[in-house]
Amino acid sequence: MSTPNFESLLKLFTDTLNKAYKVNDIDQLKAEYDGQKAPVSDNDKKAALHQAFRNLLLTKTDDIPAIEGFINFAVGACRLEMTSATIPVVLLGDIFDAVTLDKCEQIFTYVENNVAIWKEELFFTACKHNLLRMCNDLLRRLSRSQNTVFCGRILLFLAKFFPFSERSGLNIISEFNLENVTEYGVEGSEMGDQLDGFEENGGAANQLKIDYNLYCKFWALQDFFRNPNQCYNKVQWKMFAAHAGSVLSAFSSFKLEEPRSASSSTSISGSKSGTTSMDIPPEEQIRDSGHFFAKFLTNPKLLSLQLSDSNFRRSVLVQLLILFQYLNSTVKFKADNHLLTQVQIDWLRETETTVYKLIEESPPNGKKFSDSVRHMLAREELWNSWKNEGCKEFKRPDAAASAGATTGTNATGEDLSPPVRLPQKRPRKPLGDLIRDSTKQGKFFMGNPELTRLWNTCPDNLQACKGDDRNFLPSLEAYLDGSKEKQDPSFEWRALRLLARQSPHFFTLFNSPSYKVADYLESVRKKIQKDKVDIKQEVVMQEDVPSQNENEQNEAEGEGFVGEEETDQMDSELLKTEQLTPEDKNTHKTITVTKAQMAELAPSIGKDWKKLATKLGYNGDEIQYFESENPTVADQCRHLLQVWFEDDMDASLDQLAYILEGLEMLTAAEAVKQMIASLSDDKVEEVSD
């Protein structure tokens, strides 16, 4: 039997899925799924069934109940582990892309009603990103002005679906929507003409003087509601207080009355239908009596009508209360300079009392609406504290803890134990302020306590680097005595580095090709020990000098003669010079080059001597001089070498060999090296004799 491929599996599962869905029998699909044995893997079966669900769904775009039933069937398949947990949300995304917005709104009701399914452990982790992407795609297709209700339903669903601690849905750093600008303003004369036309008609507006100043002050408050941090500026605070006082005075001077016409018409219509306005709950009256809009209209002709509208007045007063609460609250991400003075705090308290009084006087059910606002703002304080504490995740208490909590009750079932209130965390100072304060004190702030301590151990970094505790190099004598593998090239390299840093013996050159570095280091170690012994002997000799010699020395110094101590020091230095070993003497500089040797080297350099002359720093005129003074190439090269050895203090055969190798004149360089070797051997034999 051949192995079925993806196409055959897809066709098989499509037919089986269609039959099982029509009879609503998930077991039939499960039997066919389990019937596909090896070598067909589970991943192949899930992929084929996944595609079968998506293909079959697109045939049901016109029947909304069929779509909902089909997605329920897919949920059942997920529970039986026949397909991935994301298939229901994938199907919803496909159908939302395939139908119109009107049908999307109807299908979204199914999504809202089954939020408990999406929050199950099986689906939540796998589907949360797909659901968020699906809702965002819908919001992009919708118009915020024409599909306001549908947009709100989507946002409410996301709020129900995701937990409170989901940081993607929280305003963590308390940002304001500064783009929500309320535009207003006309010319003063035009404003007067528009308001005159309204006042001629009479009405309630005659009781309230509406002019251009009141219009500007009223709508200027929206800028403070948009960005409350402006109130912490002294100039802006004075402007806000003046505008708010003018608007509240206008509200106080113009009282609103109960809408009698509306109530009478309601009673008439209610009597015909068998019900009266007294039978309708107050909440339903409030909900049915007006419409709410997210954006205000700032036309000057509407200001009188707006001030006469109870809902509009309540909106402005509630905005004031929200602003007052923010100014008095402790917010984690507020700047340190965002603080109110005692005078400002007293003004807020008095104005808050006035605002609540105006809300209670605004019909209908002013007292009840005022209590609701107080309760809402009190709950907002709890949410603010929760955000200040880092938006901790809400968890249900354990059963044992909840059982223990119910033990402290009285006969009526009331809890007698005092409420446990967690201490509020102190708001953290901004990082920039901490760095600024540390800099003023001459310290560093690194953001971590341990790093801050280390950096402040010695604030002067240069002095810290120069400290004795930063010197990790061993002494030369200890390193030469302590190492065991003295033939190791790495040991020789480190020893030469220490010798160059700590001892003048490094500059004692050795030119014998057979003189190894290990032997050289051993001789240096012996010389260092000998120097220490000599120094100790000098110290002992200086301590044994009688005191009368010191007097004679002082007298000799007074007469301008050299003292015995200085004479001994000079003698010891001369003695040291005479006692130098052949290795200590600079045999390299004593090797002189004769004219005969220069003549011997000249043929090996040959016609390339001009290249060598340019490298040695001679210009064209000097090279022409060498050519004019000497007829042959060998004489020209010899003359060049003679002038160079006489003029350049650093001229040597080693330097010449190095330069020739750099110019790739290898034959000449090899001849120079052979001459160096022969001269070194002769010099070593001479010194040993």
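Mentor: Let's start with Arg226, which counts as buried at 19% relative accessibility. Buried means under 20% relative accessible area, exposed over 50%, and partly exposed in between, with a 1.4 Å probe and protein chains only. Before we go on: this is a predicted model, so local features need pLDDT of at least 70 and side-chain atom pairs count only at pLDDT 80 or more, while totals for chains, interfaces and linings use all residues. Residues are numbered from 1 along each chain as its sequence is written, and side-chain values use heavy atoms, leaving out hydrogens and water.

Trainee: Which residue forms a salt bridge with Arg226?

Mentor: Side chains of opposite charge can pair when their charged atoms come close. Here the partner is Asp223, with the closest N and O atoms 2.6 Å apart. The rule asks for a side-chain nitrogen of Lys or Arg within 4 Å of a carboxyl oxygen of Asp or Glu, and by this rule there are 18 salt bridges.

Trainee: Why are Asp223 and Arg226 separated by about one helical turn?

Mentor: Because they sit 3 residues apart in helix 11. Helices are DSSP runs (H or I, at least four residues), as strands are (E, at least two), numbered from the N terminus. Asp223 itself is partly exposed, at 28%. Arg140 is exposed at 63%, and Asp137 is partly exposed at 32%.

Trainee: Where do Glu105 and Arg153 lie in the chain?

Mentor: Their side chains meet in a salt bridge of 3.7 Å, N to O. This pair links distant parts of the chain, Glu105 in helix 6 (residues 101–113) and Arg153 in helix 9, 48 residues apart. Glu105 is partly exposed at 28%, whereas Arg153 is buried at 18%.

Trainee: What is the volume of the largest pocket?

Mentor: Rolling a probe the size of a water molecule over the atoms shows where empty space is left. On a 1 Å grid over the protein atoms alone, a pocket is an open set of points where a 1.4 Å probe fits, with protein on both sides within 12 Å along at least five of seven lines; lining residues have an atom within 4 Å of a point. The largest pocket here has a volume of about 1400 Å³, volume being the space filled by probe spheres set on the points, which are joined across faces, edges and corners. Its lining holds 41 residues, with Asn171, Ser174, Glu175, Glu380 and Lys387 nearest the centre. Helix 18 gives the most, 8 residues.

Trainee: How many residues of that lining are nonpolar, polar and charged?

Mentor: They split into 21 nonpolar, 13 polar and 7 charged. Ala, Val, Leu, Ile, Met, Phe, Trp, Tyr, Cys and Pro count as nonpolar, Asp, Glu, Lys and Arg as charged, and the others, Gly among them, as polar.

Trainee: What joins Pro363 and Pro364?

Mentor: A cis peptide bond, with omega about -10°. Pro364 is in the loop between helix 17 (342–361) and helix 18. That loop also holds Asn365, which has a positive phi of about 55° though it isn't a glycine. Cys391, in the loop between helix 18 and helix 19 (399–405), has a positive phi near 55° too. Cys391 is buried at 7%, while Asn365 is partly exposed at 31%.
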